[in-house]
Amino acid sequence: QVQLVESGGGLVQAGESLRLSCAASGSIFSINAMAWYRQAPGKQRELVAVITSGTSTNYADSVKGRFTISRDNAKNMAYLQMNRLKPEDTAVYYCNADVVIRIGITVTYWGQGTQVTVSS
């Protein structure tokens, strides 16, 4: 079994920064892509940023230039640095990882989510 645990959420004012962390643990052979999603009240979950095992990245247009995704493969960690936060960034943020649990078997896991609230 694999667990993803997010941390770093909280309440900040517009223009401030937060750094989210995602720790993966359990029966992990390796991790392919890792990603951050978010879901605001009444809205569908959306992709915020993704990073491959080779550290290529992609971002939602709404966060480009403000958010940076990174990872530490040795620690099975992913991070989301969020700068110049806006009220519309308010959401529950979820970590997602494509985990190779053994050669030839990849399973997608989700964390439980961490709340980010940005006040105006």
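## Where the numbers come from

This is a predicted model, so to speak of a local feature takes a pLDDT of at least 70, side-chain atom pairs count only at pLDDT 80 or more, and totals for chains, interfaces and linings use all residues. Residues are numbered from 1 along each chain as its sequence is written, and side-chain values use heavy atoms, with hydrogens and water left out.

## The overall build

Let's start with the big picture. The protein has 11 strands and zero helices; here strands are DSSP runs of E with at least two residues, helices are runs of H or I with at least four, and both are numbered from the N terminus.

How does the radius of gyration of the protein fit a compact globule? For 120 residues such a globule would come out near 14 Å, and the protein has 14 Å, which agrees. (That radius is taken over C-alpha atoms, and the globule rule is 2.2 Å times the number of residues to the power 0.38.) The C-alpha trace spans about 45 × 25 × 25 Å along its principal axes.

Of the 120 residues, 39% are buried, meaning under 20% relative accessible area; exposed is over 50%, and partly exposed lies in between (1.4 Å probe, protein chains only). Take the contacts (heavy atoms within 4.5 Å) between residues at least 6 apart in sequence: 55% of them join residues at least 24 apart.

## A closer look at Thr 114

Thr 114 sits in strand 11, which covers residues 114-119. Is Thr 114 buried or exposed? With a relative accessible area of 11%, Thr 114 is buried.

Its side chain reaches the backbone nitrogen of Gly 9 at 3.3 Å. Setting aside neighbours within four places in sequence, Thr 114 also touches other residues, including Glu 6, Leu 20, Val 92 and Tyr 93.

## Two loop residues with positive phi

Here's a handy bit of background: most residues other than glycine have a negative phi. Asn 76 is not a glycine, yet its phi is positive, at about 55°. You'll find Asn 76 in the loop between strand 7 (67-72) and strand 8 (77-82), and its relative accessible area of 23% makes it partly exposed.

Arg 84 isn't a glycine either, and has a positive phi of about 45°. Arg 84 belongs to the loop between strand 8 and strand 9 (91-102). At 48% relative accessibility, Arg 84 counts as partly exposed.

Methods
Polar contact = N/O pair within 3.5 Å; in protein donor to acceptor, adjacent residues only side chain to side chain.
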